[in-house]
Amino acid sequence: MPTAAGVSSILGLIALCGVIVLGFGQVDAHQRAVVAADLVALSAAQAHVAGDVDACGIAEIFARANAAELVGCQVGPEGPDTVGVEVSVKGRHASAVAGPM
């Protein structure tokens, strides 16, 4: 009987470790999405201010370069020279707006 209790305890610890690892994976995906959204918005805003008429096309390029999917892009959400984006990384979404200060 003590062997069964020991095995049960070990299996319980393994299951707990699995849950913790999955939780960290979700946190990592969210942080990657936030960073990608910031980088994509900054790149698109820089292109827009520099005169590029296709800031959202630039956003798409930078999203792919950061292993993200561009879900949405809008020029001028918070002023004429701003760009807002929404990206997805492993099912986690994040948005950002960038422009000159």
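Analyst: Helices, of at least four residues, and strands, of at least two, are DSSP runs numbered from the N terminus. The model shown here is predicted.

User: How many helices and strands does the chain have, and which pattern do they follow along the sequence?

Analyst: The chain has two helices and three strands, and their pattern along the sequence is α-α-β-β-β.

User: How should I read the pairing of the strands in the sheet?

Analyst: Strands of a sheet pair through backbone hydrogen bonds, in either a parallel or an antiparallel manner. In this chain, three strands form an open sheet in the order S1-S2-S3, with antiparallel pairing. Strand S1 (69-75) and strand S3 (92-98) are the edges; each has a single partner strand, so one side of each lacks a neighbour in the sheet. From one strand to the next, the twist averages 15 degrees.

User: How many bridges join S1 and S2, and what packs on the sheet?

Analyst: Six bridges connect S1 with strand S2 (residues 83-89) in the antiparallel sense. Glutamate 69 is placed opposite serine 88 in S2. Helix H2 (residues 55-65) packs on the sheet and touches S1 and S2, its direction making about 155 degrees with that of S1.

User: Is serine 43 buried or exposed?

Analyst: A residue counts as buried under 20% relative accessible area. Serine 43 has a relative accessible area of 18% and is therefore buried. Serine 43 belongs to helix H1 (residues 2-49). Leaving aside neighbours within four places in sequence, serine 43 contacts Ile58 and Phe62. Across the chain, buried residues make up 26% of the 101 residues.

Technical notes
Residues are numbered from 1 along each chain as its sequence is written. This is a predicted model: local features need pLDDT of at least 70, side-chain atom pairs count only at pLDDT 80 or more; totals for chains, interfaces and linings use all residues. Side-chain values use heavy atoms; hydrogens and water are left out. Buried means under 20% relative accessible area, exposed over 50%, partly exposed in between (1.4 Å probe, protein chains only). Contact means heavy atoms within 4.5 Å. Two strands pair if DSSP finds at least two bridges between them. Axes are lines fitted to C-alpha atoms, for helices over the stretch in contact, and angles run from 0 to 180 degrees between N-to-C directions.
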